[in-house]
Amino acid sequence: MSPVPATNPIPARSPVPVVLAGARGHGRWHVANIRRLERAGLVRLAGVCELTPLTEEEAGGQVPEQSADLGALLDSTGARIAVICTPIPTHTDLALTAARRGVHLLLEKPPAPSYADFRRMADGVAEAGVACQAGFQSLGSHAVPAIRALIAEGAIGEVVGIGGAGAWVRDEAYFRRAPWAGRRRLDGADVIDGVLTNPLAHAVATALALGGSTRAEDVTGIETELSHANDIEADDTSCVRIGTARGHRVTVAATLCAERADEPYVLVHGSSGRVTFWYKQDRVLLQRGGHGPEEYEYGRTDLLENLVAHLTDGTPLLVPPEETGAFMRVVEAIRRAPDPEQLPDAAWRRVAGEARRVVPGIGQLVAAAADTLSLYSELGAPWAPRTEHPLSEVSTR
């Protein structure tokens with residue numbers, strides 16, 4: 001099948017056939033979303049690629065064609081879009097399998113486990129002439145352009161930095177949900193399933209997006225502090241500080257070991273005010289001198305729906321690969337960093353009856369990092385390891 005240029009629209013006369021690769025775990029959300037858009041007449045679930053076939057209940061209706069071979073399934077179904085929601089190490093090769101057949105892509109985050117794999121994917125997609133949307137759903141929020149407009153009009157003065165905070169709760173079973181869960185590498189392949197690169201990757205990507213620093217060349221330096229309380233290889237309690245060409249510091253702190261779960265948010269610090277964005281809720285708080293607090297709620301555009309609109313009428317993509325280059329620089333810095341340090345026994349405790357590990361006080365520490373743009377070590381956390389990644393160590397090619 002020859003490549004189909006993304007600039008050539010798909011006729012809107014009938015639903016666009018979609019194949020979903022990876023329909024369990026987070027893939028269940030994609031099943032439900034595809035069925036929602038199917039009811040709206042926009043798409044048709046033409047196939048599911050899974051190692052074990054779905055039942056009718058798992059498929060959310062009539063079971064489509066199924067196969068463990070994505071390429072064969074794309075060929076037999078005539079799919080125009082592939083949604084890739086498979087283990088992180090498989091993203092690049094499966095995306096290229098689809099791209100070489102002229103099939104457009106919605107690729108779950110993180111797009112790839114290394115910058116080299118990301119470039120291989122992005123270059124292959126561009127060469128094939130297909131459209132690719134990276135699955136950062138928070139960037140479909142209408143709050144993102146609204147906040148950018150507030151910043152542009154000077155509502156909070158000059159931007160001096162951006163913080164991100166994510167304090168979540170995950171039990172020990174979460175890290176046993178799949179062979180790759182909580183791993184940095186598996187069978188010699190990069191995975192990099194850490195708190196900043198997978199479960200709370202949206203905090204990093206959204207903070208970069210609000211600061212207008214989304215492309216690889218926008219990053220000038222990265223510092224990381226990576227650690228884990230759980231018995232895993234990757235990190236579950238970490239922070240990162242990113243230098244940008246705009247002169248902003250972007251600091252994101254995250255944990256999966258909070259005492260209680262809080263809504264993650266991004267905080268834009270200005271010289272005369274601040275904007276807080278709870279990105280899962282599409283909720284914004286504007287605070288500025290001479291005004292009372294102003295709260296707003298926004299809608300959001302679904303990324304698969306946006307991809308369909310791009311292919312049918314030329315609507316711009318919300319999250320094309322090049323707009324995730326800065327995020328992938330962060331992934332690469334974490335990949336290249338020393339392995340995360342195990343927190344000392346005194347730094348964490350088990351929660352009785354919940355089979356999970358908690359770092360006491362980590363919720364306040366995460367919030368303080370976002371508020372002050374500081375790393376854990378600078379806030380006095382005695383267990384925080386510090387490693388630095390100058391620009392020269394994080395290649396953009």
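Over the ring of which residue does the charged end of R170 sit? In this predicted model, the charged end of R170 sits over the ring of Y174, at 5.4 Å from the ring centre.

## Around Y174

Y174 itself counts as buried, with a relative accessibility of 16%.

## Aromatic pairs

Six aromatic pairs are found when the whole structure is searched. One of them joins F136 and F327 in an edge-to-face arrangement, with the ring centres 4.9 Å apart and an angle of 75° between the planes. F136 belongs to the loop between strand 6 (132–135) and helix 6 (143–152), whereas F327 belongs to helix 9, so the pair ties together parts that lie 191 residues apart in sequence. F136 is buried, at a relative accessible area of 1%, and F327 is buried too, at 2%.

An edge-to-face pair is also formed by Y174 and F175, whose centres are 5.1 Å apart and whose planes stand at 85°. F175 is buried, with a relative accessible area of 10%.

## Salt bridges

The search of the whole structure gives 30 salt bridges. In one of these, D339 is joined to R184, and the closest N and O atoms are 2.9 Å apart. D339 lies in the loop between helix 9 (325–336) and strand 17 (341–342), while R184 lies in the loop between strand 7 (159–167) and strand 8 (185–186), so this pair ties together parts that are 155 residues apart in sequence.

## A salt-bridge network

D339 and R184 also belong to a network of salt bridges that links R184, R185, D190, E332, R335 and D339. Within this group, the side chains of D190 and R185 meet in a salt bridge with an N to O distance of 3.7 Å; D190 counts as buried at 18% relative accessibility, and R185 counts as partly exposed at 34%.

Another salt bridge brings together the side chains of R335 and E332, at 2.8 Å from N to O. These two residues are three residues apart in helix 9, so that about one helical turn separates R335 from E332. R335 counts as partly exposed, with a relative accessibility of 21%, while E332 counts as buried at 7%.

Conventions. Residues are numbered from 1 along each chain as its sequence is written. This is a predicted model: local features need pLDDT of at least 70, side-chain atom pairs count only at pLDDT 80 or more; totals for chains, interfaces and linings use all residues. Side-chain values use heavy atoms; hydrogens and water are left out. A salt bridge is a side-chain nitrogen of Lys or Arg within 4 Å of a carboxyl oxygen of Asp or Glu. Helices (H or I, at least four residues) and strands (E, at least two) are DSSP runs, numbered from the N terminus. Buried means under 20% relative accessible area, exposed over 50%, partly exposed in between (1.4 Å probe, protein chains only). Rings of Phe, Tyr and Trp (its six-membered ring) pair if their centres lie within 6.5 Å; planes under 30 degrees apart count as stacked, over 60 as edge-to-face and the rest as tilted. A charge sits over a ring if NZ of Lys or CZ of Arg is within 6 Å of the ring centre and within 35 degrees of the ring normal.
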